[in-house]
Amino acid sequence: MDGLIAFLRARWGEEEADARLASAVYGKSWWWNPAFGLVKGDPDDSEATSIFSLGEETVAEVWSEVGPHIARHDPARVLRDIEAKWRMLELAQDMLASPIEPGAGQDLRLFALPYADHSDYQPEWKP
């Protein structure tokens, strides 16, 4: 399990670092506005500004399809997600140390499943 835990820590650390960098550059909260595209700041804030302009028609077509998805995965949401994963990992490690909870290892394998395409992913981690 040590290799799997190290793998998860590395992947989550990368995601956290990426989210913090994106947050530092564009702000923590992003949202989608069909008229302006991807917007940074609180939707109720008059200071909210567009991150990427929808100036050209081809850009507008692409953004209308992928913009909502990108906005849904703004840095603030990713950081909350990573915090929850860190906490769940702590709980799972506590369960691994307990002879009463033998299924904790299987639970950890589920955390690795989104990274199955990563070069460091091990086939034995497949749930």
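1. A quick reminder on handedness before anything else: a crossing is left-handed if the near helix is turned anticlockwise from the far one by less than a right angle, and right-handed if clockwise. By that convention, α1 and α3 cross in a left-handed way.

2. Some housekeeping. This is a predicted model, with local features needing pLDDT of at least 70 and side-chain atom pairs counted only at pLDDT 80 or more, while totals for chains, interfaces and linings use all residues. Numbering runs from 1 along each chain as its sequence is written, and side-chain values use heavy atoms, leaving out hydrogens and water.

3. The overall layout: the protein has 4 helices and 3 strands, in the order α-β-β-β-α-α-α along the sequence. Helices (H or I, at least four residues) and strands (E, at least two) are DSSP runs, numbered from the N terminus. Of the 127 residues, 29% count as buried; buried means under 20% relative accessible area, exposed over 50%, and partly exposed in between (1.4 Å probe, protein chains only).

4. On contacts, meaning heavy atoms within 4.5 Å: if you take those between residues at least 6 apart in sequence, 52% join residues at least 24 apart.

5. Back to the helix pair. Helix α1 (residues 2-26) packs against helix α3 (residues 75-96) at an angle of about 160°, and their axes lie 9 Å apart. The axes are lines fitted to C-alpha atoms, for helices over the stretch in contact, with angles from 0 to 180 degrees between N-to-C directions. On the α1 side the contact includes Ile5, Trp12, Ala19 and Ser23, and on the α3 side it includes Pro75, Leu79, Trp86 and Leu96. The residues of this contact split into 11 nonpolar, 3 polar and 5 charged.

6. Next, the cores. A nonpolar core is a set of buried Ala, Val, Leu, Ile, Met, Phe, Trp, Tyr and Cys residues joined through side-chain atoms within 4.5 Å. The largest has 17 residues, and those with the most contacts inside it are Leu4, Phe7, Leu8, Trp12, Leu108 and Ala112. Two or more residues come from each of α1, α3 and α4 (104-112), with α1 giving the largest share at 6 residues. There is also a second, separate core of 6 residues, including Ala22, Leu38, Ile51 and Ala71.

7. Phe7 deserves a look of its own. This α1 residue is buried, with a relative accessible area of 5%. Leaving aside residues up to four places away in sequence, Phe7 touches Ala112, Tyr115, His118, Asp120, Tyr121 and Trp125. Phe7 and Asp120 are 113 residues apart in sequence, yet 7.5 Å apart in space, C-alpha to C-alpha.

8. Ala35 sits in the loop between β1 (30-33) and β2 (37-40) and counts as exposed at 57% relative accessibility. Ala35 and Ser50 are 15 residues apart in sequence and 9.9 Å apart in space, C-alpha to C-alpha.

Notes: Nonpolar A, V, L, I, M, F, W, Y, C, P; charged D, E, K, R; others polar.
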